[in-house]
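Open the model in your viewer and keep the selection panel at hand.

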Amino acid sequence: METLTKLPAPPLPGWIADMLPEGITRYRLQVGDMQLHLMERGQGYPVLLLHGNPTWGFLYRNIVRQLPPESFRCIMPDLVGLGFSDKPRQASLHSLANHAAWIGGVLDQLALQRLIFVGQDWGGPIGLHALSQRPGLMQGLVLLNTMTRPPKPNFRPTAFHRFARMPLISDLVFRGLGYPQRWLHIAQGDPGSIRGQVAKAYHYPLRGLKNNLAPLALARMVPNSQQHPSVSQLREVESYLKTFEGPASIIWGLKDPVLGRAMSAHTKLLPHASAIKTQAGHFIQEEE
């Protein structure tokens, strides 16, 4: 068990802090060479809420606001490269194995005995791979517009992920124009759900070339062949989920242009889970 040493979190602009629920505490944890930023609220049953690409823990602010702090301890880490966690300059460091190891280090330091896990986008497989290495820790599960299985043989990557591998143009658009963090609204059922200060809060931590490497690197973490390095970890996640018999919910935004059709893959994987369909988009937490 690792010793918990909370390091100071970088200051937040007042306009972001004003959008967070009351009672939020913020700190950093050192995991290997990286410092990860976390937000917490509450003292009850632990709930780990993990975001994906290109967001940060801010994504869960409205969910946390509705959970009684005396009943739930909500823990919201920022993935390495995103939010207010460290942002390595080497794209090669962004792998499913490395991200799972960083989140696993957070779990080890927090020394939780049991938890409910909530995962969206890359947060799903990253968190689940870390939990698969810690049997018995996950007692409940909520999946939101994610992918936790390896691709089928002869699959075709989505247009978004094909674009992320186009030489030069993808670097120009992702790095130079701040894609996709400046256009999150186009992935929504209601584009107005990510506008104004909310939209600004997502691209604020990724402003500037030294801070915006991760969105492209995480897009390229999505398999484009059966030989992709992420495939073996996704197989492990799939095997882990097949053995999970605890309470589970699958809540999906069908208007998601990337993963809207992926719900059935998870209901087959977790046949005992409750399944709720919505007309939300990819960032379902902003609409439902």
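Select Met-166, Ile-169 and Leu-172: together they make a nonpolar surface patch of about 260 Å². Patch members have over 30% relative accessible area and no salt bridge; like charges are joined within 9 Å, and nonpolar side chains (Val, Leu, Ile, Met, Phe, Trp, Tyr) within 5 Å. A salt bridge here is a side-chain nitrogen of Lys or Arg within 4 Å of a carboxyl oxygen of Asp or Glu. Areas come from the Shrake-Rupley method with a 1.4 Å probe, and for residues only the protein chains shown count as cover.

This is a predicted model, with local features needing pLDDT of at least 70 and side-chain atom pairs pLDDT 80 or more, while totals for chains, interfaces and linings use all residues. Residues are numbered from 1 along each chain as its sequence is written, and side-chain values use heavy atoms, without hydrogens or water.

Stay on Met-166. It sits in the loop between helix H5 (159-163) and H6. Helices (H or I, at least four residues) and strands (E, at least two) are DSSP runs, numbered from the N terminus. Met-166 has 40% relative accessible area, so it is partly exposed. The classes are buried under 20%, exposed over 50%, and partly exposed in between (1.4 Å probe, protein chains only).

Now go inside. Select Leu-36, Phe-117, Leu-128 and Leu-141, which touch the most other members of the largest nonpolar core, a set of 49 residues. Helix H3 (residues 96-110) supplies the largest share of this core, six residues. A core is a set of buried Ala, Val, Leu, Ile, Met, Phe, Trp, Tyr and Cys residues joined through side-chain atoms within 4.5 Å.

Centre on Leu-141. Beyond four places in sequence, its contacts (heavy atoms within 4.5 Å) include Ile-116, Phe-244 and Leu-270. A second, separate core holds 28 residues, among them Leu-20, Phe-84, Leu-184 and Ile-194.

Next, His-185, in the loop between H6 (169-176) and helix H7 (196-203). Is His-185 buried or exposed? At 16% relative accessibility, it is buried. Beyond four places in sequence, His-185 touches Pro-191, Ile-194 and Arg-195.

Move to Val-258, in the loop between strand S7 (248-253) and helix H10 (263-269). Thr-158 and His-161 are its contacts beyond four places in sequence. Draw a C-alpha distance to Thr-146: 9.6 Å, across 112 residues of chain.

Finish at Pro-68, between helix H2 (61-65) and strand S4 (72-77). Its C-alpha lies 7.5 Å from that of Gly-42, 26 residues away in sequence.
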